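I set out to look through this structure and to write down what I looked up. The entries follow the order in which I worked.

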Amino acid sequence: MGLKNDPGWQQDLLRLNMRRPFFKEQSIWAIWVYRYGRQVDAMPHGLRRRIKTRWYWLLFRFVETWTGISLPKEAVIGGGLRIFHFGGIFVHPGARIGTHCTLRQGVTIGNKTEGGAVPILEDDVELGAYAQVLGGVVLRAGCRVGALSVVVHDVDSGVTVAGAPARPLHPRAPELVLLQRPFGRQTDS
Ligand SMILES: CC(C)(COP(=O)(O)OP(=O)(O)OC[C@H]1O[C@@H](n2cnc3c(N)ncnc32)[C@H](O)[C@@H]1OP(=O)(O)O)[C@@H](O)C(=O)NCCC(=O)NCCS
């Protein structure tokens with residue numbers, strides 16, 4: 001069983017956009033095992049599925065321990081997932097992540113307390129290194145979370161938040177930007 005016909009996996013590869021990614025990116029191992037697990041879960045019940053589920057668990061535990069990336073097959077993750085680097089990345093099994101999202105090392109997407117609600121990330125959400133997204137929050141399409149931030153409130157579409165707790169970064173007033181512009185330089189680049 002391969003993932004050649006899995007559209008989510010094909011989008012993951014497109015986002016990597018490199019030759020021989022298995023030799024260059026540890027995160028692709030974790031994403032592959034995740035997509036494989038989802039495919040096994042979609043199989044009809046029976047011996048084949050039971051054997052493949054055992055094989056999945058072995059791969060999952062090995063890759064999770066080796067890379068420090070935990071992407072359980074119970075989480076719902078859209079295609080085009082990109083994970084930069086590895087280590088300390090934990091996604092709760094109940095989390096839902098849209099398409100073309102970006103995670104980095106140290107990211108947690110989990111609950112605030114055991115058994116509590118878990119986050120929903122819509123499409124094109126980007127999380128900076130060590131961002132912690134906790135509880136039943138919704139991160140709407142295209143929002144960005146700064147490195148080392150703790151997100152405990154919903155984030156609106158397209159907004160960038162940072163800090164602990166994470167708050168929207170206010171765009172600077174145009175007058176201030178003009179004052180800070182180096183003398184004689186063009187602004188638009
Ligand atoms: C949040 C982020 C996307 C904002 O980038 P940006 O739009 O270029 O914003 P700026 O750098 O102009 O910063 C705007 C303000 O937010 C503050 N800020 C930026 N990132 C912050 C963060 N992670 N935590 C707290 N404050 C932050 C800046 O100090 C600045 O405040 P000021 O106006 O008072 O000086 C970016 O800073 C970030 O954290 N990206 C994650 C990248 C990452 O994880 N890289 C790891 C690679 S291995």
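The entries below begin with the whole chain and then turn to single places in it.

**Entry 1: the chain.** I noted at the outset that this is a predicted model. I looked up the secondary structure and found 5 helices and 15 strands. I then turned to burial: of the 189 residues, 32% count as buried. I also checked the contacts between residues at least 6 apart in sequence, and 29% of these join residues at least 24 apart.

**Entry 2: confidence.** The average pLDDT of the chain is 92, and 89% of the residues score at least 70. I marked residues 179-189, where the pLDDT is below 50. Beyond near neighbours in sequence, this stretch has 1 contact in the model.

**Entry 3: the ligand.** Which residues come nearest to the ligand? Of the 13 residues around the ligand, I listed Gly128, Ala129, Gly146, Ala147 and Ala162 as the nearest.

Entry 4: I traced an open sheet of 4 strands, in the order 2-5-8-11, with parallel pairing. Strand 2 (76-77) and strand 11 (138-139) are its edge strands, each pairing on one side only. As background, I recorded that strands of a sheet pair through backbone hydrogen bonds. Between strand 2 and strand 5 (residues 96-97) I found 2 bridges. One residue I followed here was Ile77, whose bridge partner in strand 5 is Ile97.

**Entry 5: positive phi angles.** I looked up Asn17, which is not a glycine but has a positive phi of about 50°. Asn17 sits in the loop between helix 1 (7-16) and helix 2 (21-24). Is Asn17 buried or exposed? It counts as exposed, because it has 8 C-beta neighbours inside 10 Å and the limit for exposed is 12 or fewer. His100 also has a positive phi, near 55°, and lies in the loop between strand 5 and strand 6 (102-104). His100 counts as buried, because it has 20 C-beta neighbours inside 10 Å.

**Entry 6: Val159.** I placed Val159 in the loop between strand 13 (150-151) and strand 14 (160-162). Val159 has 16 C-beta neighbours inside 10 Å and therefore counts as partly exposed. Leaving aside neighbours within four places in sequence, Val159 is in contact with Cys143 and Pro168. I also looked up Gly142, 17 residues from Val159 along the chain; their C-alpha atoms are separated by 7.4 Å.

**Entry 7: a cis peptide bond.** I found a cis peptide bond between Ala164 and Pro165, with omega about -5°. Pro165 belongs to the loop between strand 14 and strand 15 (167-168).

Definitions and conventions. Residues numbered from 1 in each chain as written. Predicted model: local features only at pLDDT ≥ 70, side-chain atom pairs only at ≥ 80, totals over all residues. Contact = placed C-beta atoms within 7 Å. pLDDT = per-residue confidence, 0-100. Near = placed C-beta within 6 Å. Pairing = 2+ DSSP bridges.
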